[in-house]
Structures are given as C-alpha cells and as structure tokens.
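Visitor: I am new to this structure, and I would like to learn how to read a few of its features. Could you take me through them slowly?

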Amino acid sequence: MLLTGKIALVTGAARGIGRVAAQVLAAQGADLALADVLPEVEETAARVRARGRRAVAAAFDVADPVQVRAGVAQLRSALGDCDILVNNAGIVANIAPLTKMSFERWQFEIGVNLTGAFNMVQAVIGPMITRGWGRIIVISSGAARGGLHHQCAYAASKAGLLGLVHTVTLEHARHGITCNAILPGLIGTENVQMMPSEIRDFAIANTPARRVGRMEEVAHLIAFLASDHAGYITGAEIDIDGGMRLNTGTLASRKEAQARRGVP
Ligand code: NAD
C-alpha cells in the first residue's frame, strides 16, 4: 500500500472525482478528512470507514476563509494534521460568452475554484512545513491551457491554479512538500453522464483515446502523487485526458461547439 499511516484531506468529497479519490486513498492505507459544502460528504466518510480506515467529514465552503479555518480545525481535532491535501472542490457556475458573463458569476467561480485552493493550502501547510513532509495535489483542468468557449471564469480559475502550484513549489519544495496540478480532460462523473449526449459525443470524437476518462484513473494518479514514490515530482502539470489536449486548437475554434451548447 502506498499511503499507510498518512492522513489525507480531500475537498469536494461528496461526489464525483473527490468521492472516488477518497476511496482509492483509503484502499492505499490513508485515513481521510473529507470536506464539502454538501452534508452528503458524511456518506463518503461512512464508505471509507466501511473499508476499515478512519474518516471524518466536515461541511464548509472552501471559498470562505473563516469557514475553512473552522472546518480544518474540526477535522484536525478529530483526526490530526493532514499529510496530504487533495484540492478538488470545483464548480462550473456559468456558461456564457464573455460579453454576457456577470461580474457576480465570475467572482463566484474564481472564489470557489481559485481562492478556495489558496484558502485550503494556507490552512494546512503549516504543520507540513514543521514535519518536513507534505503532498499538495490540485485538480485543475485542461481548460487551464486551451481556454474554454463560454467558460472564461472557469478557464481563468483553472489557469490561476497553475500559478499557485508553481509558487507553492518555489516556496516549499525545500520543506519536503510537493505541489502538483492534475489537468483532467473529460472524466465520466455523474455531471458528465448527465450532459446532453451530443456534447459528450463531440468531446469523445475529439479525444484521441475515443472515450471519457474514469474517475478511478484520476484517483490512482492522485494516490501516486501523494506517495513517497513521487517525492521528486513537484510543480508539475500532469494531463490525464486521453490525448485531448492535442486537439485543443481545433476544439477552441469550432463554432459547432458553441451551437451545441445552445449559447448564442
Ligand atoms: P462534481 O461537481 O461532481 O464534484 C465537485 C464537488 O465539489 C461536489 O461534491 C461539490 O459539492 C463540491 N463543492 C462545490 N463547491 C464547493 C465549495 N464552495 N466548498 C466545498 N465544496 C464544494 O465535480 P467533478 O467532476 O468530480 O470535479 C472535481 C474537480 O475536477 C473539479 O475541480 C473540476 O473542476 C475538476 N475537473 C473535472 C472534470 C470532469 O470532466 N469531470 C474535468 C476537468 C476538471
């Protein structure tokens, strides 16, 4: 097992990639501190406990630094300081062309996806520095590189995460802390399964692997980056996208994509 004796804090753990990551990290021997804005995060904790690992859950909004400090303190008092942070919580809050994206929606998306990561890293990194060991894994997106039609706030938030990852690396690699970004392509989460099939099929047709990714595939990458084996990988941007990034230029310029989203 890769993570015996480690405590991992996963945000956005109520569903999707975060929920599966929690289970894969538990299978690798970690105990889990789980956070989400949804109280259903407790169900993920129950699943982890059913695997024989310790797990505690806290419901809080990562965008709010006051809630983050209180939530992390609650998790810490139940389980101890985390060795591993998986910053996974993220939203798509608006799909609209730049000219129609409201300031409020822009701020909301940046607040959760980017400021939320800053809040979480700041809340957990102190004990990692003291211990001289830590793993921070940030879930960005392929949109960080190529942008996304009608999702400027999402793409900007995910690109901003890369700057955070690079800077944490510059400041804290010397403390035994690695910080890496994972850039998923289209992953078969509950949300993606509910997308209109023509949008999903269009994305699959533009993915060299000709399929969506599995949540377990992302989770196993997270587990590897969290392990001692990955101690010299830091500041990296790791794509897990079936080769989709190689088609970014084609996708980004395609009017068809706009029409399929039904946005003028
Ligand atoms: P999801 O919507 O299924 O899960 C996201 C989780 O984050 C939810 O449980 C949600 O309640 C939680 N969350 C949302 N706002 C929060 C907040 N303010 N505070 C705390 N928790 C909050 O999403 P997913 O598809 O599993 O995505 C997980 C991550 O992977 C996200 O950062 C997403 O941007 C990224 N990603 C996903 C895909 C994909 O294809 N699914 C592709 C690229 C990147």
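Guide: Let us begin with strand 3 (residues 55-59), where four of the five residues are buried, so the strand is largely enclosed by the rest of the structure. Buried means under 20% relative accessible area, exposed over 50% and partly exposed in between, with a 1.4 Å probe and protein chains only, while strands (E, at least two residues) and helices (H or I, at least four) are DSSP runs numbered from the N terminus. This is a predicted model, in which local features need pLDDT of at least 70 and side-chain atom pairs count only at pLDDT 80 or more, whereas totals for chains, interfaces and linings use all residues. Residues are numbered from 1 along each chain as its sequence is written, and side-chain values use heavy atoms, leaving out hydrogens and water.

Visitor: In which sense do strand 2 and strand 3 pair?

Guide: Two strands pair if DSSP finds at least two bridges between them; here strand 2 (residues 31-36) and strand 3 pair in the parallel sense, over five bridges, and A35 has A58 in strand 3 as its bridge partner.

Visitor: Is T207 buried or exposed?

Guide: T207, which lies in the loop between helix 8 (197-205) and helix 9 (215-226), counts as buried because its relative accessibility is 3%.

Visitor: Which residues does T207 touch?

Guide: Contact means heavy atoms within 4.5 Å, and, not counting residues up to four places away in sequence, T207 touches D241, G242, M244 and N247.
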